[in-house]
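Subject: Structure for you to look at

Hello,

Here is the structure I promised. Please open it first, then read my notes below.

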Amino acid sequence: MKFLDYAPAPESQALLNLKPDYGLFINGDFQLGNGTPFSTISPATEKQIAMIASATEADVDTAVAAARRAYDRTWSRLSGSDRGKYLFRIARLMQERARELAVAESLDNGKPITESRDVDVPLAAAWFFYYAGWADKLDYAGVGPNPAALGVAAQVIPWNFPLLMLAWKIAPALAAGNTVVLKPAETTSLTAMLFAEILQQADLPNGVVNIITGAGATGQALVNHPDVNKVAFTGSTAVGRMIARSVAGTDKKLTLELGGKGANIVFDDAPIDQAIEGIISGVFFNQGHVCCAGSRLLVQESIHDEVIDRLKARMNTLRVGDPLDKNTDVGAINSAEQLQRIRELSDIGVQEGAERWSPDCVLPQEGFWFAPTIFTNVSTSHRIARDEVFGPVLSVLTFRTPAEAIAKANNTPYGLSAGIWSDKGSRILAVADKLRAGVIWANTFNKFDPASPFGGYQESGYGREGGRHGLAAYLAPAVRPGSRSKTAAVTTAAAAAKGDTAKVSADKAASARKKATK
Amino acid sequence: MTRLTVPKTYKLYIGGKFPRSESGRVYAVSSAAGDFLANAAQGSRKDARDAVVSARAALKGWSGATAYNRGQVLYRIAELLEGRRAQFVDEIMQAEGASAAGASAQVDDAIDAWVWYAGWADKYVQVAGNANPVSGPYFNLSVPEPTGVVAIVAPQTGGSLLGFVSAIAPALVAGNTVVVIAHETAPLTAISLGEVLATSDVPGGVVNILTGSPAEIAPWLASHGDVNALDLLGAGALDWVDLQIAAADTLKRVLPPEADAVPSLARILAFTETKTVWHTKSLL
């Protein structure tokens with residue numbers, strides 16, 4: 001062992017008490033799915049962790065019916081204070097079982113245990129704690145007095161922060177008085193199943209939360225279900241578009257949190273030590289599987305060389321390996337499919353003329369791994385400057401003036417996050433004004449809090465999660481006397497037209513899909 | 001032979017400790033039926049001044065805790081109160097002559113009030129604060145902050161536990177620390193609540209509880225130079241206008257007496273100061 005080598009420090013898996021098979025969580029019970037079960041593996045070892053049930057359209061139907069029944073008979077009749085008490089219970093149980101959830105998350109997702117233990121799980125519990133307090137304060141949510149819940153919420157979440165995204169979705173939905181059918185990502189269902197057990201311990205009324213597992217088709221069936229009132233999706237922009245198309249013409253309310261290509265802008269007067277750390281964590285946190293990652297570094301030309309040298313030196317110290325090792329900085333790529341995409345885009349980066357560099361690091365034989373990578377000499381037209389890589393890959397571009405930095409930062413169809421590094425507050429605020437992004441971090445990066453709204457501009461989606469705004473996304477204003485009949489008439493007319501519209505939009509969607517695959 | 005019970009000595013709660021009154025005085029507390037229940041400490045001017053010192057010392061930590069942390073600490077009070085509900089039901093029945101159902105309902109309401117207020121800790125800033133659209137290249141943001149040390153006269157009528165909780169909880173939400181004079185004739189539940197606070201995660205000195213005569217103690221708090229606000233919630237039967245006049249010398253924020261302290265956002269905001277921050281935005 002050499003200086004700066006670390007002995008293995010694995011987190012024990014002894015506190016895990018996993019079942020070999022997990023069913024669908026419908027109406028308060030685990031049930032067999034009608035689809036063919038699939039295995040969930042550890043991306044670090046490719047070994048099977050458990051078998052997960054697969055929900056068919058019929059299962060989706062059962063789950064939505066359970067959620068509807070729970071909404072009509074139980075949840076919508078409870079006082080806000082009682083809904084809040086259930087959410088407080090869930091938050092407390094998650095805090096109590098935090099370590100177990102963290103180990104399961106790292107095992108199933110591949111993220112370092114330090115991240116699941118110190119970020120994902122505590123934040124997920126905080127999300128429930130925060131929204132628990134909102135349940136009896138809906139009048140203050142900003143949509144007027146006596147707001148109403150929407151009904152049944154269909155929620156589909158991604159694999160990068162499985163439990164945290166679940167919390168972002170379920171906590172505000174329940175606080176506002178909705179019931180939920182949630183589908184976790186195919187590769188990361190495990191913590192959602194543990195969460196279902198927590199719901200049983202919390203004695204949450206049956207059917208208020210239903211968790212159905214499966215692949216894309218299950219999610220599609222869920223968001224297209226006619227008895228769903230709200231659709232909330234976090235994932236790729238391509239799928240987001242598909243969902244936006246499919247809910248068009250219905251009265252489903254929609255929130256989309258999609259991809260990003262965040263610009264991290266470093267001015268020459270930036271606090272450089274902090275900036276280097278911020279750039280590193282901005283793009284290598286969670287293997288770069290972060291929709292708001294700072295994957296485009298815009299660095300002022302005068303400090304380019306210094307920044308790149310220091311970034312490379314810092315990247316040399318990143319430890320890639322066993323997600324359950326407490327010394328690991330960068331864990332496993334979540335799936336073979338994602339690894340393939342990262343490799344492909346990186347190869348294109350080289351082909352298009354950018355300069356690729358990675359530190360020497362020994363990657364494990366088994367599992368899916370990708371060394372932290374930096375591309376210099378990137379121009380705005382390169383694929384690695386435009387496409388979301390969703391991996392540990394940083395593209396570096398330069399600028400001379402603030403105006404150029406803003407123009408380059410905004411030169412993207414996305415608009416989720418941005419970072420600004422400068423010692424000058426007035427410059428930070430002026431630049432922030434001009435950036436078209438939903439979350440802007442100044443002299444910091446990747447900060448999340450249940451009290452802070454999160455979401456994107458443009459093709460990064462619409463709607464916000466977190467804070468008062470995140471609550472309002474699950475509420476409808478109270479119907480004012482006299483306005484009901486008018487709304488009903490419009491809806492009826494729309495429903496009558498729907499027969500034709502459905503066919504037209506199906507055709508349109510089909511042709512659009514053809515175009516997209518070309 | 002029946003077992004002889006061991007009665008509790010009720011003292012003050014100041015700075016996280018349970019001292020007797022510096023004055024050495026006690027007064028007899030009776031049940032609704034007129035039977036002797038216990039001796040309560042008869043708090044003095046010196047006790048009140050000690051309590052203010054403790055409250056001031058605790059302010060930095062409590063107001064500096066994150067809003068999320070304060071919310072969790074206040075919620076924990078509800079958890080502990082739930083666990084000791086039998087004791088409080090008992091004390092309320094004895095002190096107030098309430099029925100079991102009535103006492104139980106009062107404890108429920110007190111617990112629920114803690115839960116309701118706990119939830120506000122990390123929300124009231126977003127509801128009451130705002131970005132201001134000023135005409136010029138400025139970032140301009142207004143946020144509420146805690147006022148400081150709040151002296152409170154707890155309700156002197158009605159349910160002694162619920163009244164006490166309704167008086168102190170809103171002031172704690174924003175991060176203020178409090179000195180509170182309990183219900184004079186039914187002070188025992190307040191001191192028992194002090195035991196709950198002492199074993200919860202509420203730092204010592206955040207809540208300081210005085211028993212005794214509000215008429216004697218309140219004027220010293222009203223005129224105290226290190227008290228920032230005065231809640232006269234339960235002072236309706238005192239010469240409260242005199243207290244308000246005394247408070248004017250140090251320009252304390254004053255809330256007038258109220259018959260019934262229904263939980264409200266207004267009670268939280270009464271003990272906050274709005275801070276507005278201007279920051280330039282440069283021309284690019």
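Helices (H or I, at least four residues) and strands (E, at least two) are DSSP runs, numbered from the N terminus. This is a predicted model, in which local features need pLDDT of at least 70, side-chain atom pairs count only at pLDDT 80 or more, and totals for chains, interfaces and linings use all residues. Residues are numbered from 1 along each chain as its sequence is written, while chains are lettered from A and ligands numbered from 1 in the order in which they are written.

Two loop residues

A:Asp203 sits in the loop between H6 and strand S9 (209-211) of chain A. Its phi is near 65 degrees, a positive value in a residue other than glycine. Most residues other than glycine have a negative phi. A:Asp203 is exposed, with 10 other C-beta atoms within 10 Å. The cut-offs are these: 20 or more other C-beta atoms within 10 Å of a residue's own make it buried, 12 or fewer make it exposed, and anything in between is partly exposed, with C-beta atoms placed from the backbone.

A:Asn286 also has a positive phi, near 60 degrees. Its place is the loop between helix H9 (272-284) and strand S13 (296-300) of chain A. A:Asn286 counts as buried because it has 24 C-beta neighbours inside 10 Å.

Domains of chain A

The domain assignment (bounds come from an automatic or database assignment) gives chain A domain 1 (21-258 + 461-473), domain 2 (263-451) and domain 3 (481-518). The centres of domain 1 and domain 2 of chain A, taken over C-alpha atoms, are 29 Å apart. Between these two, 24 residues of domain 1 are in contact with 22 residues of domain 2. Contact means that the C-beta atoms of two residues, placed from the backbone, lie within 7 Å.

Which helices supply the side of domain 1 of chain A that touches domain 2 of chain A? Helix H3 (98-109) and H4 of chain A each give at least two residues. H4(A) has the largest share, seven residues. By class, that side of domain 1 holds eleven nonpolar, nine polar and four charged residues. Here Ala, Val, Leu, Ile, Met, Phe, Trp, Tyr, Cys and Pro count as nonpolar, Asp, Glu, Lys and Arg as charged, and the others, Gly among them, as polar.

A:Tyr462 lies in strand S19 (residues 461-462) of chain A. A:Tyr462 and A:Leu258 are 204 residues apart in sequence, yet 8.5 Å apart in space, C-alpha to C-alpha. Leaving out residues up to four places away in sequence, A:Tyr462 touches A:Thr255 and A:Leu256. With 18 C-beta neighbours inside 10 Å, A:Tyr462 is partly exposed.

Helix packing

Axes are lines fitted to C-alpha atoms, for helices over the stretch in contact, and angles run from 0 to 180 degrees between N-to-C directions. Angles under 35 degrees count as roughly parallel, over 145 as roughly antiparallel, 65 to 115 as roughly perpendicular and the rest as oblique.

H4(A) and helix H5 (residues 162-175) of chain A have axes that come within 9 Å and cross at roughly 5 degrees. The two are therefore roughly parallel. Residues of H4(A) in the contact include A:Trp127, A:Phe128 and A:Tyr131, and those of H5(A) include A:Leu164 and A:Trp168. This contact has 15 nonpolar, no polar and one charged residues.

The axes of H3(A) and helix H6 (residues 190-201) of chain A come within 8 Å and cross at roughly 155 degrees. That makes the pair roughly antiparallel. A:Leu101, A:Ala104, A:Glu105 and A:Asp108 of H3(A) meet A:Leu190, A:Thr191 and A:Leu194 of H6(A). By class, there are four nonpolar, one polar and two charged residues.

Cores

A nonpolar core is a set of buried Ala, Val, Leu, Ile, Met, Phe, Trp, Tyr and Cys residues joined through C-beta atoms within 7 Å. The largest has 187 residues; among those touching the most other members are A:Leu87, A:Phe128, B:Trp114 and B:Val179. Helix H4 (residues 113-134) of chain A gives the largest share of this core, twelve residues. A second, separate core has 61 residues, including A:Phe390 and A:Leu435.

Chain contact

21 residues of chain B are in contact with 24 residues of chain A. On the chain B side, the largest share, six residues, comes from H4(B). That side has ten nonpolar, seven polar and four charged residues.

Best wishes
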